[in-house]
Amino acid sequence: MSDETLSQDVLARDDGFHPIDHDAPIVLAPDTDPATLPDRMHHPLIAIDFPAFSDGRGFTLARRLRELGYKGTLRASGRLIADQYAMARRVGFDEVQVAADIAARQPQDQWLARADWKAWDHRENLAG
């Protein structure tokens with residue numbers, strides 16, 4: 001994806017930036033009651049909003065959806081930054097919708113640098 005397309009939001013995946021080809025039919029707020037998650041399992045794509053990069057409640061929602069057996073696509077949307085990509089993937093997100101202004105400041109190579117999220121295991125590193 002070329003830099004001229006960064007005037008719009010993009011999707012970050014393990015292989016780089018992609019255009020957004022369809023919107024999520026449901027977007028969960030970070031304060032969504034986890035007890036309501038089983039009622040949303042039928043959607044093929046669920047987005048979870050991150051109104052600020054410092055608001056990590058969406059990570060918990062994603063992990064809970066996966067624990068409940070959600071098999072569809074999980075999209076983080078909002079204000080996540082490249083440094084959070086690996087964490088997003090580890091908790092169950094398939095992709096991150098990157099705001100255009102963030103993508104302009106943190107180009108694709110910064111997101112790709114975190115695409116090795118499977119290779120890093122903090123438990124193994126602590127065990128020495």
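The structure holds four aromatic pairs, where rings of Phe, Tyr and Trp (its six-membered ring) pair if their centres lie within 6.5 Å, and planes under 30 degrees apart count as stacked, over 60 as edge-to-face and the rest as tilted. One of them joins F50 and F59 in a tilted arrangement, with 5.0 Å from centre to centre and 55° between the planes. F50 has a relative accessibility of 0% and so counts as buried, and F59 is buried too, at 13%; buried means under 20% relative accessible area, exposed over 50%, and partly exposed in between (1.4 Å probe, protein chains only).

This is a predicted model, in which local features need pLDDT of at least 70, side-chain atom pairs count only at pLDDT 80 or more, and totals for chains, interfaces and linings use all residues. Residues are numbered from 1 along each chain as its sequence is written, and side-chain values use heavy atoms, with hydrogens and water left out.

How are the rings of Y85 and W111 arranged? Their centres lie 6.0 Å apart and their planes meet at 75°, so the pair is edge-to-face. This pair links distant parts of the chain, 26 residues apart: Y85 belongs to helix 2 (residues 85-91) and W111 to helix 4 (residues 108-112). Helices (H or I, at least four residues) and strands (E, at least two) are DSSP runs, numbered from the N terminus. Y85 is buried at 1% relative accessible area, and W111 is buried at 3%. Ring pairs also bring F17 into a cluster with Y85 and W111.

Turning to the whole protein, there are five helices and six strands, and 41% of the 128 residues count as buried.
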